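Visitor: I have not seen this one before. Can you walk me through it?
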Amino acid sequence: MLDTISLKIQLISPIGEPIEREVMNVIEKTIKELNRIFSCRDDEIISMIQKFADEKKEIENKFKELNLKYCNFLLVELLNSYIEKNEKRYIVHKDDKETIATLNKIIPEDYTFIGIWEDGGVISSKTLDCNELLKKFSKVLTIKGGGKEERANFKGNVSIAEITNIL
C-alpha cells in the first residue's frame, strides 16, 4: 500500500537530492484533498481520476448525441423560416456555441448560415464569399474576424436583428 511516508521516500531521491519541505507540504495537502474528493485511499487516487475522466468522456459523447438530435429537430424549423434576399437564402440563428457548431455541419449547402453565440459567431456558405460578407458586417457592427470564401469567424456581440437588417 502506498501511503504518505512511502511517497515521501520516492519523491526525495530521483537525483539524490532532498525535496524542499514546502514542496512536500503541498504534495501532502494535495493527496489529502484528493482522498477527500474521491473518498479513497492514497493508492486509489490514480484509478479514481481515470474513472472520473472516463465518465466525463461518456457524458460528453451523450451530450453530442443529444445536441445532434436537437439540431436535427431545430433544422426543420430553421428551413421553414429562412430569409431570402437577392436570390440568396440565409439562415440566421443565435444559440450556444456547441449548437451553432453542430448546425453548421448539417445546414444544406444551398443556404448561407450565420450562427451567433454569446460573444461571436460563424458565417458559412457555398453560395457566396463569407469573408466579403463579414467585411460588410464589420463596417456597421463592432465585430472583428476573418475567414475565407466558404467560412468566416467573428468576435463581438451582435443580435439576429442587427444581422438581418444588414443583409
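Guide: What follows covers aromatic pairs and a nearby charge.
Guide: This is a predicted model, where local features need pLDDT of at least 70, side-chain atom pairs count only at pLDDT 80 or more, and totals for chains, interfaces and linings use all residues. Residues are numbered from 1 along each chain as its sequence is written, and side-chain values use heavy atoms, leaving out hydrogens and water.

Visitor: How many aromatic pairs are there?
Guide: Two. Rings of Phe, Tyr and Trp (its six-membered ring) pair if their centres lie within 6.5 Å; planes under 30 degrees apart are stacked, over 60 edge-to-face, the rest tilted. Phenylalanine 38 and phenylalanine 52 are edge-to-face, 6.3 Å centre to centre with 65° between the planes.

Visitor: What does that pair tie together?
Guide: Phenylalanine 38 is in helix α2 and phenylalanine 52 in helix α3, so the pair ties together parts 14 residues apart in sequence. Helices are DSSP runs (H or I, at least four residues), as are strands (E, at least two), numbered from the N terminus.

Visitor: Is phenylalanine 38 buried or exposed?
Guide: Buried, at 17% relative accessible area; phenylalanine 52 is exposed at 51%. Buried means under 20%, exposed over 50%, partly exposed in between (1.4 Å probe, protein chains only).

Visitor: And tyrosine 82 and tyrosine 111, what do they form?
Guide: An edge-to-face aromatic pair, 5.5 Å centre to centre, with 75° between the planes.

Visitor: Where does the charged end of arginine 89 sit?
Guide: Over the ring of tyrosine 111, 4.5 Å from its centre, and over that of tyrosine 82, 5.6 Å from its centre. The rule asks for NZ of Lys or CZ of Arg within 6 Å of the ring centre and within 35 degrees of the ring normal.
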